[in-house]
Amino acid sequence: VEGIVFPKGCFKTYSEFPFDYVNEEGNLVTEDYFNFAFADPADEGSDNFAMPISRVYPRLNRVYLFDAIFDQCNLTIQEGQVVGKCKEHNIRKLVVETNSAGAYFKRRLEELMPWCEVYGQWSKANKMARMLATAGLVKAYVYVPENPNPTLQKFLNQVYKLLNTSKKEDDAPDSLCGKIAHLEMRYGMFKIEEENTQ
């Protein structure tokens, strides 16, 4: 369909995470990674609370989605869900979009999870412009599981439906693009000249 930003099939898929290997010098190489989440809060209404969870491999410039929170529960319920997912997946880095209710939500999560780095990210640019500006990186460096769990599948279904004229039902792709923009800005990832070609 014309105008789809992330057509189904534009992402690389995976069945397992990158594993340790022996390099040409005979040394065991263990790929460093960290589990990372980006939360785009929504407090009831028609918007979805969207939090894609991924394993990030900085040296490989790869982001492996493996879970998500994606529903319309209010922020009181989301507090417990976010804390639970961060514990379950050993997430030490979490970014919260701080527009509207997000600033309060970020402060609450900092109180509830002192062991996790919680960053706030204010998004001031037009939402669609932000997504279109990041779409190329998302398609190049994000991997999705061959068999996503039901919540992640629901999240991805909204990503796949996004049109470049959409004004709603864009919470999933917006949070995914926010995640990639943060990794590019804060961690210097996705520099083409440094791309690992393994």
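Which loop holds Asp170?

Asp170 sits in the loop between H4 and H5; helices (H or I, at least four residues) and strands (E, at least two) are DSSP runs, numbered from the N terminus. This is a predicted model, in which local features need pLDDT of at least 70, side-chain atom pairs count only at pLDDT 80 or more, and totals for chains, interfaces and linings use all residues. Residues are numbered from 1 along each chain as its sequence is written, and side-chain values use heavy atoms, with hydrogens and water left out.

With a relative accessible area of 7%, Asp170 is buried (under 20% relative accessible area; exposed is over 50% and partly exposed is in between, with a 1.4 Å probe and protein chains only). Its side chain makes a polar contact with the side chain of Lys127, at 3.2 Å. A polar contact is a pair of N or O atoms within 3.5 Å; within protein, one must be able to donate a hydrogen and the other to accept it, and residues adjacent in sequence count only if both atoms are side-chain atoms. Leaving aside residues up to four places away in sequence, Asp170 touches Lys127, Met131, Gln158 and Leu162 (contact means heavy atoms within 4.5 Å).

Helix H4 covers residues 150-161, and its 12 residues should span 16 Å at 1.5 Å a residue; the end C-alpha atoms are 17 Å apart, which agrees. The expected span is 1.5 Å times one less than the number of residues. At the start of H4, a side-chain oxygen of Asn149 comes to within 3.1 Å of the backbone nitrogen of Thr151.

The buried residues of H4 are Leu152, Phe155, Leu156, Gln158, Val159 and Tyr160. Their cover includes strands E5 (49-57), E6 (62-71) and E9 (142-145), along with helix H5 (171-187).

H5 is mostly covered, with 12 of its 17 residues buried. Among them are Asp171, Pro173, Leu176, Cys177, Ile180 and Leu183. After H5 comes Gly188, with a positive phi near 65°.

Helix H3 (residues 127-141) packs against H5 at an angle of about 65°, with the axes 9 Å apart. On the H3 side, the contact is made by Lys127, Arg130, Met131, Thr134, Leu137 and Val138. The H5 side includes Asp171, Asp174, Cys177, Ala181 and Glu184. Axes are lines fitted to C-alpha atoms, for helices over the stretch in contact, and angles run from 0 to 180 degrees between N-to-C directions.

## Helices H1 and H2

H1 (residues 75-88) and H2 (residues 102-112) pack at an angle of about 40°, with their axes 11 Å apart. The two helices are therefore oblique to each other; angles under 35 degrees count as roughly parallel, over 145 as roughly antiparallel, 65 to 115 as roughly perpendicular and the rest as oblique. H1 contributes Leu75, Gln78, Glu79, Val82 and Val83 to the contact, while H2 contributes Tyr104, Phe105, Arg108, Leu109 and Leu112.

## Two asparagines to look at

Most residues other than glycine have a negative phi. Asn61, in the loop between E5 and E6, has a positive phi near 55°. Asn61 is buried, at 5% relative accessible area.

Asn90 also has a positive phi, near 55°. Asn90 lies in the loop between H1 and strand E7 (93-97) and counts as partly exposed, at 44% relative accessibility.
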